[in-house]
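Biologist: I'd like to learn how to read a model like this one. Can we go through it together?

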Amino acid sequence: MRTHFRSLALLAAMLVLAAGCAPDFEQMAADSATESDDGAGAEAIEYADAGFDADRSPPDDWEPRDPRLDPAPEGDLHEIEIRASHVENNVAPGVDQELWTYDDVVPGPTLRGKVGDTFRVTLINDGDMGHSIDFHSSKVAPDVEMRTIEAGEELVYEFEAKHAGIFMYHCGTDPVLQHTGMGQHGAMIIDPPDLDPVDHEFWLVQHEYYFGPLGQAREKMENEAWDAVVFNGYPFQYVHAPIEGVEPGERVRMWVMNNGPSENSSFHVIGTIFDTVYKEGSYRLHPDRDAPGGAQLLDLLPSGGGFVEFTFDTDGVYPFVTHKFANLPKGAVGLFTVGDADPADAGK
Ligand SMILES: [Cu+2]
């Protein structure tokens, strides 16, 4: 459900910054459009007006990316076609950005299987320059499967998933920072064999956006001067369209992948505590072994991933964030509406 943005954004900010003032989103977005100084003797880098107005709503035809995660498809062989493409998409209110993508979306499709499955991926290059794909979930010769193919070419990248976790995939073509920063990245989930049953599964990919023409966007990437830090492709996406349908007491598993390319993530859900944390291939916290231990965050460096499990005790509006608060006005906030909670009422 789409809701009015201003009150929700301020609500989220107020909830997050309980002891302080809600940030001036508009001013902060404006400030972010003019950055920064790259060191002694260098010219100050002037970025054009490429920030976004965080106080605006997405365009009328905007659709949120579904964060719900389906179970892995049946069978042991997954034959998948992925197209490298160049598109111009609306990536924030008032910002249409040239992107390099997989299947026209950022992040690319979320793929899922289990340990022992075979993935046979056909990469087709619909772009106008060389691209490639690097699945972190594979053990293959990079100079073979991860090789760059030119526009109009295709390759078949086949591997057996030998290890469990949530893994990044991305374009590895030089300069990799630019190909990834322009949007060529996604996530592949390989289920551990002992995955516990839960009531809801969701996926989130945290990543940055660098707005502007190619040269300017690349300069921002090289200076870690991101314009937005988002979950699943759009700033404040799940403030505009909160995640609904979870009832108090139901178990939630949230897979989180930090695709960067450069910023870290400290994933936190306000108002609950994780009783399970799985990070980079192992359980860091599991109730069978560790109860009553609780975790407040899943910390992920770029290309790190895992999942957390938790419940909500009562109806309510529960924000989720990266706890690096400087990124909140840049879009790294979402909301769960639990039970009968109405986000439109929560800010009053
Ligand atoms: Cu590429």
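Modeller: Of the 348 residues in the protein chain, 43% are buried. Keep in mind that this is a predicted model, in which local features need pLDDT of at least 70 and side-chain atom pairs count only at pLDDT 80 or more, while totals for chains, interfaces and linings use all residues. Residues are numbered from 1 along each chain as its sequence is written.

Biologist: How many helices and strands are there in the protein chain?

Modeller: Both are DSSP runs numbered from the N terminus: helices are H or I with at least four residues, strands are E with at least two. The protein chain has eight helices and 19 strands. For contacts, the rule is C-beta atoms, placed from the backbone, within 7 Å. Take the contacts between residues at least 6 apart in sequence: 74% of them join residues at least 24 apart.

Biologist: Which residues touch the most other members of the largest nonpolar core?

Modeller: A nonpolar core is a set of buried Ala, Val, Leu, Ile, Met, Phe, Trp, Tyr and Cys residues joined through C-beta atoms within 7 Å. The largest one has 71 residues, and Phe167, Ala187, Met188, Met254, Trp255 and Val256 touch the most other members. At least three of its residues come from each of domain 1 (5-56 + 198-346) and domain 2 (77-191), with bounds taken from an automatic or database domain assignment. Leaving out residues up to four places away in sequence, Trp255 touches Leu69, Ile166, Ile189, Trp203 and Phe307.

Biologist: Now pairing. In what order do the four strands of the open sheet run?

Modeller: Two strands pair if DSSP finds at least two bridges between them. The order in this open sheet is 2-1-4-6, with mixed pairing. Strand 2 and strand 6 (154-160) are at the edges with a single partner strand each, so one side of each has no neighbour in the sheet. On average, neighbouring strands of the sheet are turned by 25° against each other, direction ignored; the axes are lines fitted to C-alpha atoms. Inside the sheet, strand 1 (residues 77-92) pairs with strand 4 (residues 118-125) in the parallel sense over eight bridges, and Arg83 stands opposite Ile124 in strand 4.

Biologist: Is threonine 101 buried or exposed?

Modeller: Thr101 counts as buried because it has 26 C-beta neighbours inside 10 Å. It sits in strand 2 (residues 95-102). Beyond residues up to four places away in sequence, Thr101 touches Ser85, Val87, Val106, Gly108, Gly183 and Gln184. Gly183 is 82 residues from Thr101 in sequence, yet the two are 5.3 Å apart in space, C-alpha to C-alpha.

Biologist: And why is strand 19 largely enclosed?

Modeller: Six of the six residues of strand 19 (residues 333-338) are buried, so the rest of the structure largely encloses it. Val333, Leu335 and Thr337 point one way, Gly334, Phe336 and Val338 the other. Strand 18 (residues 316-322) pairs with strand 19 in the antiparallel sense over six bridges, and there Gly316 stands opposite Val338. Strand 11 (residues 243-246) pairs with strand 19 in the parallel sense over two bridges, where Ile243 has Phe336 as its bridge partner.

Biologist: Which residues of helix 5 are buried?

Modeller: An α-helix has 3.6 residues a turn, so residues three or four places apart point the same way. In helix 5 the buried ones are Ala217, Lys220 and Met221. They cover an arc of only 105° around the axis, which puts them on the same side of helix 5; the arc is that of the directions from the helix axis to the C-beta atoms. The buried residues of helix 5 pack against helix 4.

Technical notes
A residue is buried if 20 or more other C-beta atoms lie within 10 Å of its own, exposed if 12 or fewer, and partly exposed in between; C-beta atoms are placed from the backbone. Two residues are in contact if their C-beta atoms, placed from the backbone, lie within 7 Å. Axes are lines fitted to C-alpha atoms, for helices over the stretch in contact, and angles run from 0 to 180 degrees between N-to-C directions.
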